Amino acid sequence: MAEYKKYDEFKKMIEDAEEINPDLSIGLTNEQVQKRVDEGLVNKTPKRVSKSTKDIIKDNLLSFFNILLFIIGCIYVYVDLGIDKKTLFDTIRDCLFLGILFTNIIIGLVQDFRARKLCEQLRVVSDPKSRVLRDGEIIEVFDDDIVLSDIMILKLGDQIGADGVVVEGQIDVNESLLTGESHSVTKKPGDPIYSGAYIVGGNAKCKVTNIGVCNYAETLQDKAKEFKRPKSEIITSIRFMFRIIGSFVVTFGIIMVIRLSIQIFNGVITPETMGDKFRGLLTSLVSMIPSGMFLLTSVALSVGVINLSRKRVLVQEMYCIESLARVDTLCLDKTGTITDGTMRVIDCVEVENKTDYSIREIVGSMMSVFEDTNATSEALIRFFGKNNVLKPEAILPFSSKRKYSAVTFSNVGSFYLPNFKI
């Protein structure tokens, strides 16, 4: 099967697919998952974070000066073997400049392919994952491996991996990436959810109804997508310089060829000296061409990509390194962007406690009733633990809109945790 399909074709496959309503306590069985995979109903979407093989070969091989040097090399071979009847050894010696060209090309290809390999390995690590229910077990899979009719398990902090519908539970969803609206939307059983949105409160089980290019986020992206390469002063300057040099080389070559042709026609240049004259012209042209500058620039940037990849930095375009070199201040809007989000409680200071219970008993009882799990709750659980000392009467789960969670305990009162999130 083809890995990616067009929207109309994929939509028809989804509509014609057999309807599966899995048990919410079991999810899809392994046989049903394999059937979906065989049918091609997998949540694969085209993602390219590095250059294709075609682009790598084109950038390193089919440049203007590479082609010009290759043509000059062919003329050298013709003059040496066809006109002067030189030996193969003499011809190879005259064409040694091609050795430098091929060496630079090979280095550029090796570095580009190596950089792409490291970027792809890093992409696999950084690809988003979702929790799905299969054969009664909750497992974590890449979003690309979600299949039609899968049961997704969603909780606070998750990003939805595929379009679906809520079948159990209730969640608050931030759809700002899709609609531009910052207010969260409450989703109850029967309500649709869309890939790319974030869960900001609650827990739910959701059935996948759309996959791949049919996801709402993918259709928006296709309408708005326009690829533009990053602006690079280095590549812009090199190309401008090459255009000037190239124009001069071509013009000088044409003038010299015309001049030699006139001299040959007038008998000034004899067949015995023709080879030396053309060889002198070709040598002058080769010396004017900065044959390795463009390729060596790419090699230097490729080395930078490799070094950054080893530090777990994903570089989508080589010339982005030039932009990164100019950055002196990096502003981030949230914890977790360049950190792993891990939190740890060091100590707890009790300012005032009007109950007969300790802080450890109160917080431990709160942690036992909240279903939401995140870095904050995990840190509190590690420090205070869980217990059932207090009996809850009412629970208010965390929501990004409220920015707190709360619980009321029988005969004790209500307690809340502000900013109960990372």
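Trainee: How many helices and strands are in the protein?
Mentor: The protein has 14 helices and ten strands, taken as DSSP runs numbered from the N terminus, with helices being H or I of at least four residues and strands E of at least two. This is a predicted model, in which local features need pLDDT of at least 70 and side-chain atom pairs count only at pLDDT 80 or more, while totals for chains, interfaces and linings use all residues. Residues are numbered from 1 along each chain as its sequence is written, and side-chain values use heavy atoms, with hydrogens and water left out.

Trainee: And which residues touch the most other members in the largest nonpolar core?
Mentor: They are M152, L154, I160, I171, I193 and C206, in a core of 25 residues; such a core is a set of buried Ala, Val, Leu, Ile, Met, Phe, Trp, Tyr and Cys residues joined through side-chain atoms within 4.5 Å.

Trainee: Which element gives the most to this core?
Mentor: That is β7, with four residues, and α1 (7-16), β3 (151-154), β4 (164-174) and β7 (198-208) each supply at least two.

Trainee: Is C206 buried or exposed?
Mentor: C206 is buried, at a relative accessible area of 0%, whereas C348 is partly exposed at 34%; buried means under 20%, exposed over 50% and partly exposed in between, with a 1.4 Å probe and protein chains only.

Trainee: Switching topic, how many disulfides are there?
Mentor: The structure holds zero disulfides, a disulfide being a pair of cysteine sulfur atoms within 2.5 Å.
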